[in-house]
There are 2 protein chains.
Amino acid sequence: MPRALSPAQVEDFRERLCAAAERLFAEHGPEAVTMRQLAAELGVSPMTPYRYFKDKDDILAAVRASGFERFARAMEAAFHGEADPVKRSEAVGRAYARFALEQSDAYRLMFDLSQPNEADYPELVAASARARDMLIGQAKGMVDAGQIEGDPVLIAHMLWAALHGGLVLQLAGKLGPTVDPSALRRGTFQAILKGLAKG
Amino acid sequence: MPRALSPAQVEDFRERLCAAAERLFAEHGPEAVTMRQLAAELGVSPMTPYRYFKDKDDILAAVRASGFERFARAMEAAFHGEADPVKRSEAVGRAYARFALEQSDAYRLMFDLSQPNEADYPELVAASARARDMLIGQAKGMVDAGQIEGDPVLIAHMLWAALHGGLVLQLAGKLGPTVDPSALRRGTFQAILKGLAKG
DNA sequence: CACCTATATTTTACAGCGTAAACTTATATC
DNA sequence: GATATAAGTTTACGCTGTAAAATATAGGTG
């Protein structure tokens, strides 16, 4: 079918390849997955993906960006499902943790420290920023509601860092056998909010 | 010089190779560093390292273990430099953050999510546990001093997760331009301790 | 209809990878 | 000094990502 691939066809191929890549990257790690495997998965020759992606790194960036998009969507859904600022913040926090644990492969890829080529991929930057803005808006809601006091941006990052840190230690298997990850998250959240309480 | 390599010679070669590997891994990422480069760095043939390490993964594990060892030493030094439990906890926290930032390449390698082969390398497990025990002991000190209340193990992990999370977000460049990383760490620490304060 | 042209796709090819196996070299023991 | 043995090198193989060349297929034009 040469002569002009429609944008829809291009997008379709990109999505199918990303889906396969996410599954394989998650299962074996990005380094262990070869372009030949990826191509075989879609039933095309090894060089075909290069018409749709610059190179293997570009595929990884696309997979990570799609992860950030689903991540942002999950938190936005939780946000819109609750009206009360405190309940909202709890719901967003739960959505965050649920995403990280249920789609831990995606989460791992998204926050992998050894992949900081981020700046080269605008889509990735945008999707990542969307997730961060979500968290900041949510902290602002709690401050505006008079629940806590302080700079909403700083507070958002405090909660984010604590949540992310706990999840990352859990995923890395560094939590020690007696620590319940869920209790850790709840305890940290409560302690921080109590520490920031107004008055 | 065949016939029997003394343990000291073996250890010497291992250490020299680890030093070179840490530098190169940090600079280019472990995947981008080849065995041939590593060998050339020591002036030996590409296969010589295989007499001292099982394979490339084994070298990475050794580098990470040595990072954890220096990490534990840095915190232990901070611990012994202060007597008061609260000052101690602050000093250990500062030592933690200083290590993560000054030796960020090592820290990155140590906590890289995509390297969970940990269990296969007892040395690595031991060195990692030593760092964790340090943090737990320090939280216990604060609880015993009556400063805060709760399960010391849980509290240690709360502080650890918050600290690690903030550092990891900082190293991944996800903090946003208006957030001062140091203020973030201090704020989180204070909020958690205030939230856990006795009475 | 046939033909040409533009592009999607495949084929081929290459340098470089980790490392197994064969080979070389040099000493410690007899 | 001969020999056994371990350290170190060379060679070789099946991979990898991907550049370049070759092929196949569609639409526009006569």
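**Helices, core and chain contact in a predicted model**

In chain A, the axes of helix α3 (residues 56-80) and helix α6 (residues 122-144) come within 8 Å and cross at roughly 20°. That angle makes α3(A) roughly parallel to α6(A), because angles under 35 degrees count as roughly parallel. The crossing of these two helices is left-handed. Two packed helices are described by the angle between their axes and the distance between the axes. The structure is a predicted model, and every value given here is computed from it.

Which residues bring the two helices into contact? From α3(A) come A:Ala61, A:Arg64, A:Ala65, A:Phe68, A:Glu69, A:Phe71, A:Ala72, A:Met75, A:Glu76 and A:Phe79. On the side of α6(A), they meet A:Glu123, A:Leu124, A:Ala127, A:Ser128, A:Arg130, A:Ala131, A:Met134 and A:Gln138. Sorted by class, the contact of α3(A) with α6(A) holds 11 nonpolar, 2 polar and 5 charged residues.

One residue of this contact can be followed further. A:Met75 lies in helix α3 of chain A. Is A:Met75 buried or exposed? A:Met75 has 24 other C-beta atoms within 10 Å, so it is buried; the cut-off for a buried residue is 20 or more. Leaving aside neighbours within four places in sequence, A:Met75 is in contact with A:Val92, A:Ala95, A:Tyr96, A:Ala131 and A:Met134. A:Met75 and A:Gly93 are 18 residues apart in sequence, and their C-alpha atoms are 8.1 Å apart in space.

The next step is chain A as a whole. Chain A has 8 helices and 0 strands. Its C-alpha atoms fill a box of roughly 70 × 40 × 25 Å, taken along the principal axes. Of its 199 residues, 40% count as buried. Among contacts in chain A between residues at least 6 apart in sequence, 60% join residues at least 24 apart.

In soluble globular proteins, nonpolar side chains tend to be buried together. The largest nonpolar core here has 112 residues, and those that touch the most other members are A:Met75, A:Leu159, A:Ile192, B:Met75, B:Met158, B:Leu159 and B:Ile192. The largest share of this core, 12 residues, comes from α7(B).

Chain B has its own enclosed helix. Of the 8 residues of α5(B), 6 are buried, so this helix is largely enclosed by the rest of the structure. The buried residues are B:Ala106, B:Tyr107, B:Arg108, B:Leu109, B:Met110 and B:Phe111. What covers them includes α1 (7-28), α3 (56-80), α4 (85-102) and α7 of chain B.

The last topic is the contact of the two chains. The contact takes 41 residues from chain B and 41 residues from chain A. On chain B, α5 (104-111), α6 (122-144), α7 (152-171) and α8 (181-196) each supply at least two residues of the side that touches chain A. Which helix gives the largest share of that side? The largest share comes from α7(B), with 13 residues. By class, the side of chain B that touches chain A divides into 20 nonpolar, 14 polar and 7 charged residues.

Methods: Residues numbered from 1 in each chain as written. Chains lettered and ligands numbered in written order. Predicted model: local features only at pLDDT ≥ 70, side-chain atom pairs only at ≥ 80, totals over all residues. Contact = placed C-beta atoms within 7 Å. Helix = DSSP H or I, 4+ residues; strand = E, 2+ residues; numbered from the N terminus. Nonpolar A, V, L, I, M, F, W, Y, C, P; charged D, E, K, R; others polar. Core = buried A, V, L, I, M, F, W, Y, C linked by C-beta atoms within 7 Å. Buried ≥ 20, exposed ≤ 12 C-beta atoms within 10 Å, placed from the backbone. Axes fitted to C-alpha atoms, helices over the stretch in contact; angles between N-to-C directions. Parallel < 35°, antiparallel > 145°, perpendicular 65-115°, else oblique. Left-handed = near helix turned anticlockwise from the far one by under 90°.
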